[in-house]
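Hi everyone, thanks for coming.

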Amino acid sequence: MEKTRIDTRFAACKAENRAALVGFITAGDPDLDTSLEIFKALPKAGVDVIELGMPFSDPMAEGVPIQLATQRALAGGHTMAKTFDMVRAFRKEDNETPIILMGYYNPIYVRDPKAFVKDAKEAGVDGMIVVDVPPEHDDELCIPAREAGVNFIRLATPTTDEKRLPKVLENTSGFVYYVSVTGITGTGALDADKVAIAVKSIKDHTDLPVAVGFGVKTPEQAEAIGRNADGVVVGSVLVNAIKDSLDADGKATDKTVSAVTDIVKGLADGCKRAKA
Amino acid sequence: MTDPTTLPNSVSQGPDDRGFFGIYGGRFVSETLMPLILDLDKAYREAKEDPEFHKELAKLHKDYVGRQSPLYFAERLTEHLGGAKIYLKREELNHTGSHKINNCLGQILLAKRMGKTRIIAETGAGQHGVATATVCARFGFPCEVYMGATDVERQAPNVFRMNLLGGVVHPVTAGAGTLKDAMNEALRDWVTNVADTYYIIGTAAGPHPYPAMVRDFQSIIGQETKEQMLAAEGRLPDMLCACLGGGSNAIGLFHPFLDDKDVQIVGVEAAGYGLDTDEHCASLNAGKPGVLHGNRTYLLQDDDGQILEGHSISAGLDYPGIGPEHSFLRDSGRVEYVSATDTEALEAFQLLCQTEGIIPALESSHAIAEVIKRAPTMDKDQIIVVNLSGRGDKDVNTVSKFLGKGSLAE
Ligand SMILES: Cc1ncc(COP(=O)(O)O)c(C=O)c1O
């Protein structure tokens, strides 16, 4: 398939000798305007690739931080149409930073997968991560996404063995997302040595960049993971920063955006040190 | 309704290799779970072919559960309604008081075969949680049950029973704190503890092979019914009727009859305050196809694909989805799906108490509510079998609260 902004960006990070920082926020959290402001501020703070979460009522693979972020967004009336609006607004100012939509299948299924990937591409989306559509169901979404020019980024996990890995990689493009813990987002203790072994084994099977996520919280962890991986994914720590910045009524404050960008800066430094 | 006799092909052959009943079912789970789901599929297929597995299960059915469960002619209820003859399939007499034990025994034997050492489950009414805690005690497994906080409250007696049996109950406060949320939390536990944990899903839903496997374990209900009916009346019934939560007691009764085209089959969903409100759990009557909890099926959802919280007076029916085989049977027209409101279920609950001296579960009362509507319109030589899926001891608090008020919230 054609090159996307994701391919270009990972190549650029490699050329600049640093691990790519992949940052996740939930669209519409804590409200549409603030979320858009955070979204736009991420690249300047040091995020190389943005994962924008599509809120879903039943986020089965998420730990408490992203569950709460999802609830904040949905309570504020967030919809898929608004997620697309955010992407279009972002693209008016930034035509380089890759955007990946991340979420669950049902909100896509009800809109019709083929229509969804076309709309996403037109809005300026480069890739998708959909947690509950495994390679066994590639015909439903992964193939239509590829045909529309949208990377379908697959998760590989500690339970994906050597035998299964080729199947997971088969239709994956953009990069491979290695999930560093068996579990849900925002939990678990990261073991950088084990992750290094897993990353190496994935790299034996593919030329795609490998990014590692689930459980990365600190610049030091980003640095340790980034030594072997091409990218480091952070999410729960960012949405927790949003939560902690809210006032007693759960509304955004003038610290909400900087709460996120401050953390991003530290993590981006970690990603730079990783390859130094 | 479609005339079943005009259906060209058998509708009982699903699922296919990928777990699909028509377009419904499948394996929509995260990568972490996928290898496990494939293992489970393999282990179940092997167990199904192993006579020893069936022998052990049959022995437990007989000596531990007390099967077969009677097929009982409800004479006074029949007289009262003045139409078709009504038989009750007495699953409420099983050990632990519902059909849920049939499935739990099958799955715990499988867990043992697979070398798993820890069991988790979700529960709504608590009947599945109790059945799970029971088989865990019997086979010496640690047991953790996820239960919505709302349900923990309205089914308190069952929480205590689970505790007595050594089960640890985790109240789930996410969402409305009912069955859907409990299932999310059980899935989160499972992905975190894949290596040693077996997840006993309590209904004929979830990723393949669960819908087919749970159906197979529950099909003993329909198989026995067939034999018992032939012995009692020398013929098959005219109609089967069962309530639908996720659909396990219903598919268990229905499946052995799917190809008997003269047998009319009716499933009853929970209409809560009524289908003209948002407060019901009738996914087949008022939902549309979507993907949740590992399978594609009819779901209660809004236009943006967000899952809606259902409502039913009965915790065991309070689920916005339905097993995928029922979605297939709905679209094919083989089974007719109707609904009963909270009020109708409560009336049916009381009628069965008064005419037969049997306190039914509120879940099962929905099926009886449909019988109350249908029996009087049928001939006296026609026969209805209704699945009495559970006993109502767990519900007496809920019922007394509503009856004490004099009227239902509306
Ligand atoms: C007695 C009884 N009947 C029916 C149900 C509904 O489940 P299913 O549709 O899987 O039979 C439950 C669930 O808790 C139950 O306890």
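Let's start with the shell around the ligand: its residues divide into five nonpolar, eleven polar and two charged. Here Ala, Val, Leu, Ile, Met, Phe, Trp, Tyr, Cys and Pro count as nonpolar, Asp, Glu, Lys and Arg as charged, and the others, Gly among them, as polar.

A quick word on ground rules. This is a predicted model, where local features need pLDDT of at least 70 and side-chain atom pairs count only at pLDDT 80 or more, while totals for chains, interfaces and linings use all residues. Residues are numbered from 1 along each chain as its sequence is written, chains are lettered from A and ligands numbered from 1 in the order in which they are written, and side-chain values use heavy atoms, with hydrogens and water left out.

Back to the ligand. Which residues come nearest? Of the 18 residues around the ligand, they are Thr203(B), Gly245(B), Gly247(B), Ser248(B) and Ser389(B); "around" means a heavy atom within 4 Å.

Now for polar contacts, meaning pairs of N or O atoms within 3.5 Å. The side chain of Thr203(B) has an N or O atom 2.5 Å from an oxygen atom of the ligand. For Ser248(B), a polar side-chain atom is 2.7 Å from a ligand oxygen, and for Asn249(B) the distance from a side-chain N or O atom to a ligand oxygen is 2.8 Å. On its own the ligand has 390 Å² of accessible area, and the protein covers 98% of that (Shrake-Rupley method, 1.4 Å probe).

Let's move to the annotations, which may be inferred rather than shown by experiment. In an unreviewed entry, UniProt annotates residues 66-390 of chain B as "domain: Tryptophan synthase beta chain-like PALP". Over residues 66-390 of chain B, the chain is 41% helix and 20% strand, with the end C-alpha atoms 14 Å apart. Helices (H or I, at least four residues) and strands (E, at least two) are DSSP runs, numbered from the N terminus.

Over in chain A, the UniProt annotation "active site", also from an unreviewed entry, covers Glu51(A) and Glu62(A). Glu51(A) is in strand E2, residues 49-53 of chain A.

Finally, some backbone details. Gly14(B) and Pro15(B) are joined by a cis peptide bond, with omega about 0°, and Pro15(B) is in the segment before strand E1 (20-21) of chain B. Asp112(A) is not a glycine, yet has a positive phi of about 85°. You'll find Asp112(A) in the loop between helix H5 (106-109) and helix H6 (113-123) of chain A.

Definitions and conventions: A polar contact is a pair of N or O atoms within 3.5 Å; within protein, one must be able to donate a hydrogen and the other to accept it, and residues adjacent in sequence count only if both atoms are side-chain atoms.
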